[in-house]
Amino acid sequence: MEYIVTMTTHVPAGTPEEDVENIRAREALRARELADEGHLLRLWRPPLQPGEWRTVGLFAAADDTDLEKALASMPLRVWRTDEATPLGAHPNDPASASVPGRQLGLHEFLSTFTVTVPASVPKQAVEKTRTREAVRAHELAKEGHLLRLWTLPGESRALGLWRAQDAAEMQTILQSLPLAQWMTVEVTPLSAHPNDPGTSPT
């Protein structure tokens with residue numbers, strides 16, 4: 001199974017900087033080990049407020065217990081709280097076998113989709129639109145924009161991992177989706193994390 005994990009760290013006031021740097025160094029080493037073991041797939045930094053310390057990670061684990069074991073083994077866990085969301089297979093996922101690394105010159109984004117189809121829309125029209133959505137997803141994957149797509153817990157919810165030149169291009173891409181007329185979308189821009197296993201350009 002794959003999981004998206006939001007990791008929030010609060011360093012206790014008065015902690016010596018030397019201790020913080022020591023744990024950061026151990027965290028980097030453990031992240032590399034978890035990547036080698038196939039548990040840690042990607043790491044990003046979401047937009048942060050001053051003084052905020054958060055990371056978003058994509059993990060693979062056999063189950064919730066296996067994931068917790070991996071997260072608990074990370075040195076920063078002593079100061080960190082983790083919020084894990086299980087990810088399900090999506091029929092339009094273009095790369096279920098791999099997670100591409102970061103590409104130079106392009107930015108990555110996570111998008112959360114919620115699809116709400118009005119009751120007045122005929123079923124045939126919905127199915128036709130979903131078919132067009134699958135075709136468009138394939139096109140965007142071929143163009144290198146859509147990297148991964150998962151289902152989220154809850155009805156008609158999905159999570160996408162994308163690449164685009166900037167936020168404006170990301171919005172243009174999302175608006176090109178046939179289901180956009182029925183979608184509520186939340187986009188999170190991602191920046192590079194020093195411990196990301198996917199930092200080498202592809």
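Me: How many bridges join β6 to β7, and do these strands run parallel or antiparallel?

Reply: Good place to start, and keep in mind that this is a predicted model. Five bridges join β6 to β7, and the two strands run antiparallel. To place yourself on this pair, find Trp 150, which stands opposite Leu 159 in β7.

Me: Which helix packs on the sheet and touches β1, β3 and β4?

Reply: That is α2, residues 64-72, and its direction makes about 35° with that of β1. Now look for α3 as well: this helix lies across β5, β6, β7 and β8. Relative to β6, α3 runs at about 140°.

Me: In what order do the eight strands close into a barrel?

Reply: Follow them as β1-β3-β2-β8-β5-β7-β6-β4, with antiparallel pairing. On average, neighbouring strands of this sheet are turned by 35° against each other, direction ignored.

Me: How many bridges does β4 share with β1, and how many join β4 to β6?

Reply: β1 and β4 pair over eight bridges in the antiparallel sense. Within that pair, Tyr 3 stands opposite Pro 86 in β4. Two bridges join β4 to β6, again running antiparallel. Here Ala 89 stands opposite Trp 150 in β6, and Trp 150 is also the residue that stands opposite Leu 159 in β7.

Me: How many bridges join β5 to β7, and how many join β5 to β8?

Reply: Eight bridges join β5 to β7, which run antiparallel. Eight bridges also join β5 to β8, and that pair is antiparallel too. For landmarks, the bridge partner of Leu 110 in β7 is Leu 161, while Glu 108 stands opposite Leu 190 in β8.

Me: When I look along one strand, where do the side chains point?

Reply: Here is the general idea: in a regular strand, side chains alternate between the two faces of the sheet.

Me: How many aromatic pairs does the structure hold?

Reply: There is one aromatic pair. Its members are Phe 113 and Trp 162, with ring centres 6.3 Å apart.

Me: Why is this pair called edge-to-face?

Reply: Check the angle between the ring planes. Planes over 60 degrees apart count as edge-to-face, and the planes of Phe 113 and Trp 162 are at 70°, so the pair falls in that class. Phe 113 sits in strand β5 and Trp 162 in strand β7, so the contact ties together parts that are 49 residues apart in sequence.

Me: How much space lies in the largest pocket, and which residues are closest to its centre?

Reply: The largest pocket holds about 390 Å³ of space. Its lining has 15 residues, and the closest to the centre are Ile 4, Thr 6, Leu 110, Thr 112 and Leu 159.

Me: Which strands supply its lining, and what kinds of residue are found there?

Reply: β1 (2-9), β3 (54-60), β4 (80-89), β5 (107-115), β7 (157-164) and β8 (183-192) each supply at least two residues of the lining of the largest pocket. The largest share, three residues, comes from β5. By type, the lining divides into six nonpolar, five polar and four charged residues.

Me: What volume does the second largest pocket have, and how many residues line it?

Reply: The second largest pocket has a volume of about 310 Å³. Its lining counts 18 residues, with His 90, Asn 92, Arg 130, Ala 158 and Leu 179 nearest the centre. The elements giving two or more residues to this lining are β5, α3 (123-142), β6 (146-151) and β7. The lining of the second largest pocket comprises eleven nonpolar, four polar and three charged residues.

How values were computed. Residues numbered from 1 in each chain as written. Predicted model: local features only at pLDDT ≥ 70, side-chain atom pairs only at ≥ 80, totals over all residues. Heavy atoms only, no water. 1 Å grid on protein atoms, 1.4 Å probe; cavity = no way out; pocket = protein on both sides within 12 Å on 5 of 7 lines; lining within 4 Å. Points joined across faces, edges and corners; volume = space filled by probe spheres on them. Helix = DSSP H or I, 4+ residues; strand = E, 2+ residues; numbered from the N terminus. Nonpolar A, V, L, I, M, F, W, Y, C, P; charged D, E, K, R; others polar. Pairing = 2+ DSSP bridges. Axes fitted to C-alpha atoms, helices over the stretch in contact; angles between N-to-C directions. Contact = heavy atoms within 4.5 Å. Phe/Tyr/Trp six-rings, centres within 6.5 Å; stacked < 30°, edge-to-face > 60°.
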